[in-house]
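Reader: Could you take me through this structure? I would like to begin with the helices and then turn to the sheet.

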Amino acid sequence: MNDDHEWLAERFEENRGHLRAVAYRMLGSVSEADDAVQEAWLRLSRSGTDGVENLGGWLTTIVGRVCLDQLRMRKARREDPLGVHVPEPIVSPADAAGPEQEALLADSVGLALLVVLETLAPAERLAFVLHDMFAVPFDEIAPLLDRTPAAARQLASRARRRVQGTAPAADTDLARQREVVDAFLAASRGGDFEALLAVLDPDVVLRADAGDAPEGVSKLVRGARAVVEQALTFSRFAAFARPALVNGAPGLVTARGGRPFSVMGFTVAHGKIVEINILADLARLSRLDLTILDD
């Protein structure tokens, strides 16, 4: 029995990275993704693999079901009453570019995409994530949704149109992206209105999520001039900002006394900043692995 359990644990560990990727795209939360993966392990250890021909595929659908239940509970609780929600980012040191970061970029798992995924209905999100991002057949997705494969296909198609029409396509040159973000930071520190305008797309969107902070802190701002005004108010904190990789792309972590108070993710397209997503929810920031702050 112990040998069987050890074999099962080894097979699960082989799939853990993949399952975590599925759960993160479904939930937009690193901590909740880890919980979903752990729940999948508990279900596997209880049920075993009798009748399972494709363990990886089976585990993927189990994680999908766990995440779907979580999304439905979220909706029932009517979370994010202010209507501004920034998912939990994956933060790593600015000089940590490597296979993992390249994979994040290649998979287009930027904060901008995750923000759009948050607007989808739970069933749409499941169908889109499993099929479009992980190539799970609709025949396997349909039972999770209690729908026909044709209906699951329609859900994914509806979600795909939303994503393609809303999520900006980021530049893929990391060095060029970093130049743009560095220019934004320098202009913010210097209070340089014109220099800020120069790096922003005219239709730039800034989204700030402060969680349960007093009303007025969480906000959605559209247009370069309005975003510049927000950036200039940020200037007094800019001295505490340091470069980081946020979901594989250049971003900023702002902290004082070793305590983070914001993570900023930037989407750069055609050499201009088209979206800025700021997580300033102290409760959620405390759950992130911000080793970027360690000197």
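Reader: How do the axes of helix α2 and helix α3 cross, and within what distance do they come?
Author: In this predicted model, the axes of α2 (residues 30-47) and α3 (residues 55-77) come within 9 Å and cross at roughly 125 degrees. That angle makes α2 oblique to α3. The crossing is right-handed.

Reader: Which residues of α2 and α3 make the contact?
Author: From α2, the contributors include Glu32, Ala36, Ala40, Arg43 and Leu44. From α3, they include Leu55, Trp58, Ile62, Val66 and Arg74.

Reader: What is the contact of α2 with α3 by class?
Author: The contact has ten nonpolar, two polar and five charged residues.

Reader: Now the sheet. In what order do the strands come?
Author: The order is β1-β4-β5-β6-β7-β2-β3, seven strands in an open sheet with mixed pairing. Because β1 (91-93) and β3 (219-222) stand at the edges with a single partner strand each, one side of each is left without a neighbour in the sheet. On average, neighbouring strands are turned by 25 degrees against each other, direction ignored.

Reader: How many bridges join β2 to β7, and do these strands run parallel or antiparallel?
Author: Six bridges join β2 (residues 200-209) to β7 (residues 272-279), and the two run parallel. Arg207 stands opposite Asn277 in β7.

Reader: Which strands does helix α5 lie across?
Author: Helix α5 (residues 111-118) lies across β2, β4, β6 and β7, at about 65 degrees to β7.

Reader: And which strands does α11 lie across?
Author: Helix α11 (residues 224-238) lies across β2, β3, β4, β5, β6 and β7, running at about 55 degrees to β2.

Methods: Residues are numbered from 1 along each chain as its sequence is written. This is a predicted model: local features need pLDDT of at least 70, side-chain atom pairs count only at pLDDT 80 or more; totals for chains, interfaces and linings use all residues. Side-chain values use heavy atoms; hydrogens and water are left out. Two strands pair if DSSP finds at least two bridges between them. Helices (H or I, at least four residues) and strands (E, at least two) are DSSP runs, numbered from the N terminus. Axes are lines fitted to C-alpha atoms, for helices over the stretch in contact, and angles run from 0 to 180 degrees between N-to-C directions. Contact means heavy atoms within 4.5 Å. Angles under 35 degrees count as roughly parallel, over 145 as roughly antiparallel, 65 to 115 as roughly perpendicular and the rest as oblique. A crossing is left-handed if the near helix is turned anticlockwise from the far one by less than a right angle, and right-handed if clockwise. Ala, Val, Leu, Ile, Met, Phe, Trp, Tyr, Cys and Pro count as nonpolar, Asp, Glu, Lys and Arg as charged, and the others, Gly among them, as polar.
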